[in-house]
Amino acid sequence: MIRRPVAWVVAVLLFAEAFGVAALNWFLGVVVDRQDMSLAGLDPHMMSVSSKIGGIVFGLYFALCGLVALLVALRDRPPAGFGRVLLISAAVVHGVLGAFTWGLVGWPAFLFMVLVLALIVLLLMTYDRPAEPVDAAPGGGKSGDGPAVSAPPAPTTP
């Protein structure tokens, strides 16, 4: 009951975060390019281009994670394989970014990172339960009560 709304919220947050990260890094690249100052002998143009490329790559990563969450919401099935790995890595990234934002940005950004982390973990954990209880298995879930499985007949020679 709570799985699909959580998946929708995670998808929206990850898409918004993808756009925000890409836009912020693009803005920082423009600022570095317009200042035309060197940092420890580094080329300002190279720093500007690397900031823009990093923002695009990181934004695409969050957008891909948002796409996985969107597919989970649309299909109402757990993420599998590469999608699950992407969501787990996004949770780890949000944990690490949350630790950094506490000291560098402040507690509101930390709370946002922890909220997204908690929602991703909730999305992953709500789909971990089996679809039906074990007692609903044929024969009441006891071994030996199910249908008998016979061995294939032995081949006969003429």
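Q: Is the crossing of α1 and α4 left-handed or right-handed?
A: In this predicted model, the crossing is left-handed; that word applies if the near helix is turned anticlockwise from the far one by less than a right angle, and clockwise would be right-handed. Local features here need pLDDT of at least 70, side-chain atom pairs need 80 or more, and totals for chains, interfaces and linings take in all residues. Numbering starts from 1 along each chain as its sequence is written, and side-chain values use heavy atoms, leaving out hydrogens and water.

Q: What makes α1 oblique to α4?
A: The axes of α1 (residues 3-35) and α4 (residues 107-126) come within 9 Å and cross at roughly 140 degrees. So α1 is oblique to α4, because under 35 is roughly parallel, over 145 roughly antiparallel, 65 to 115 roughly perpendicular, and the rest oblique.

Q: Why is α1 called roughly antiparallel to α2?
A: Here the axes of α1 and α2 (residues 44-75) cross at roughly 170 degrees, coming within 8 Å. That's over 145, so α1 counts as roughly antiparallel to α2.

Q: Which residues of α1 meet α4?
A: Among them are V6, V10 and L14, while F112, M113 and L123 are among their partners in α4; contact means heavy atoms within 4.5 Å. The contact of α1 with α4 divides into 13 nonpolar residues, one polar and two charged.

Q: How many residues lining the largest pocket are charged?
A: No charged ones turn up: the lining has eight nonpolar and three polar residues. α1 and α3 (82-104) each supply at least two of the lining residues.

Terms used:
Axes fitted to C-alpha atoms, helices over the stretch in contact; angles between N-to-C directions. Helix = DSSP H or I, 4+ residues; strand = E, 2+ residues; numbered from the N terminus. Nonpolar A, V, L, I, M, F, W, Y, C, P; charged D, E, K, R; others polar.
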